[in-house]
Amino acid sequence: MAGVGRRGPAQDRVILETSGLTKRFKGMVAVDDLNLTVRTGEVLGFLGPNGAGKSTTVGMILGLIRPTNGTVRIAGQDLASNAPLVSENIGAIIENPAFYPYMSGRDNLRAHAMAVGNIPDARINSLLELVNLSERARHKYKTYSLGMKQRLGIASTLLTDPALVILDEPTNGLDPAGQREIRAIIPRLADQGHGVLLASHMLHEVEQVSDRVLIVRRGKLITEGSVDDLLRRGGYIEIAVPGHDPELAQKAIRPIQHVEQVTIENGKLYVVAPEDIGSVLNRALVEQGIYASSIMPKHSTLEDLFLELTDEEEVPA
Amino acid sequence: MMHLLRSELFRLRKRPQAWILALIMVLAVGAFYVALAIAASVISDPASTEESLKLPNIFENGMQIATLLGFILSIVLASGLVGNEYAWNTIRPLLARARSRSALLSAKWITVLLYSVGLYLLGLLATIAFSAGSSAIIGEFESVDATLLSEWAVAFGRVLISQLPYAALAFMMALITRSNAVGIAVGIGLGFLEPAIFGLLGLVTNAFDEVRKFGLEYPSNQLVAMNANTGFGGYGEITTAEAWQAVATLAVWVAIMVGATYYFFNKRDVTSG
């Protein structure tokens, strides 16, 4: 499933906007001129390898880290001049859920609710239900499994019914069942009108639940777009021409409009071109007396694209 | 800030450590009076021991124990209140809930103050209860008049003024270093090391005797010694002017510590915890 394709009326409202966001730590650039936008009702996948600057970006959005340059606007207002914007508009899990080990899950949520104020117990109960923790709500947090901790973290992000939910590596360390549970919750949040910023290095996770993806490397944005667009960008057409000279086939195809690249591997041709020009390619081959046994559009995965884009160049010593 | 304070107090109420420290205070004071009562019943000349059990003498006896314990326990709590936020990684979600960093820090300072005052008050109440109980058991109970009550109030004020700076020191150190252990070590360590260090320096030159008066330990112990009425600790007769100088010195230190926490907490990036 590539993207969830939600398009609700609430999706037009920009809840988070960063502009030229930059952070340097002692000369090292952690985040470099980053612009991103999250709208309510969408999941923005924020992808990057470990150390790419995702958590630093989240820290700046939450006001925990001061940007060296650039601005963070939440619900249209500048965070630098209005610190309460975070508590009023954002719920976040930062790297790992963190709660007080000596208190129960419910009391932890109560403590968070008190810190914000005016959140009734009924809201806490309904959130515990949402994340399937009602039965364990009275048990101490320190007895929870990692999956339960993550679910409690998600419940805590929703306490204030925030316009923006930030999940930083929400499935970190979870077993496959736990990961699936969290992934099931994320699209539901967007369906309910929350904007979701999902920072992750887990590609299939982002691919499954995100509407748009933003890929960073060394703190710099390297590409962004809808999941479908990105996947299409990485697509190609595989052509098998058994019994014919593949180089001759390559010559026949290369001049065709929209064909970006034709390579030969193991006797097959790999054509980077829009997937709907298969019939045009076939005609060009037939005109040269080449009969293809198969012409198959292939979709790359987000993982292919990610690895291609974030592939580190060798740095000379 | 009131929301954050409510949350802090709620968490404190749910924290076993807070109750255990309070229990230690009561049990230690109780054990002191039980030991005194037993001693009074077995020694051949119990007059001075019996005198120690009486209510009018609590600040020279049970409250000295409560003061020493309060010094340690309030340091442990104050340091843990901020240091454990980093150890448990709860500081970042907590900050994301706070309307401002200063509001969160203020809520924590007030919590430290309330708990510490409460702890010393508990020590005082336990001392009164055990003193009254044990002196009654041995038939030496003396009632309390208004004059004595007002003396107690002043003496209790001295205890708070002399001891709270150490809790503030522990809190500040835990916040600056993001470490509970450092807060406790510096808070307790300075309390014991400062007189030793100045004692050694005093062997070199008398000039350090004057410097010592502007530290934490000397003015603090001066105030405690006033409660003992015995020239406790070699501080001799302390004049009113000296007492006020001690109070002013400690107030300046506390102001510096509080100011430092706001400066560091507001200035620093929170990249962990």
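Author: Let us begin with burial: a residue is buried if 20 or more other C-beta atoms, placed from the backbone, lie within 10 Å of its own, exposed if 12 or fewer, and partly exposed in between. Helices (H or I, at least four residues) and strands (E, at least two) are DSSP runs, numbered from the N terminus. This is a predicted model, in which local features need pLDDT of at least 70 and side-chain atom pairs count only at pLDDT 80 or more, while totals for chains, interfaces and linings use all residues. Residues are numbered from 1 along each chain as its sequence is written, and chains are lettered from A and ligands numbered from 1 in the order in which they are written.

Reader: Which residues of α1(A) are buried?

Author: They are A:K54, A:S55, A:T56, A:T57, A:V58, A:G59, A:M60 and A:I61. Because eight of the eight residues of this helix (residues 54–61) are buried, α1 of chain A is largely enclosed by the rest of the structure. Just after α1(A), A:G63 has a positive phi of about 75°.

Reader: What share of chain A counts as buried?

Author: Of its 317 residues, 44% do. Chain A contains eleven helices and 14 strands.

Reader: How does one describe two packed helices?

Author: One gives the angle between their axes and the distance between the axes. Axes are lines fitted to C-alpha atoms, for helices over the stretch in contact, and angles run from 0 to 180 degrees between N-to-C directions. In chain B, the axes of α4 (residues 62–87) and α6 (residues 101–137) come within 9 Å and cross at roughly 155°.

Reader: Are α4(B) and α6(B) roughly parallel or roughly antiparallel?

Author: Angles under 35 degrees count as roughly parallel, over 145 as roughly antiparallel, 65 to 115 as roughly perpendicular and the rest as oblique. The two helices α4(B) and α6(B) are therefore roughly antiparallel to each other.

Reader: How many residues does each chain give to the contact between chain B and chain A?

Author: Two residues are in contact if their C-beta atoms, placed from the backbone, lie within 7 Å. Chain B contributes 24 residues and chain A contributes 27 residues. On the side of chain B that touches chain A, α1 (2–14) and α5 (91–97) of chain B each supply at least two residues. The most comes from α1(B), with seven residues.
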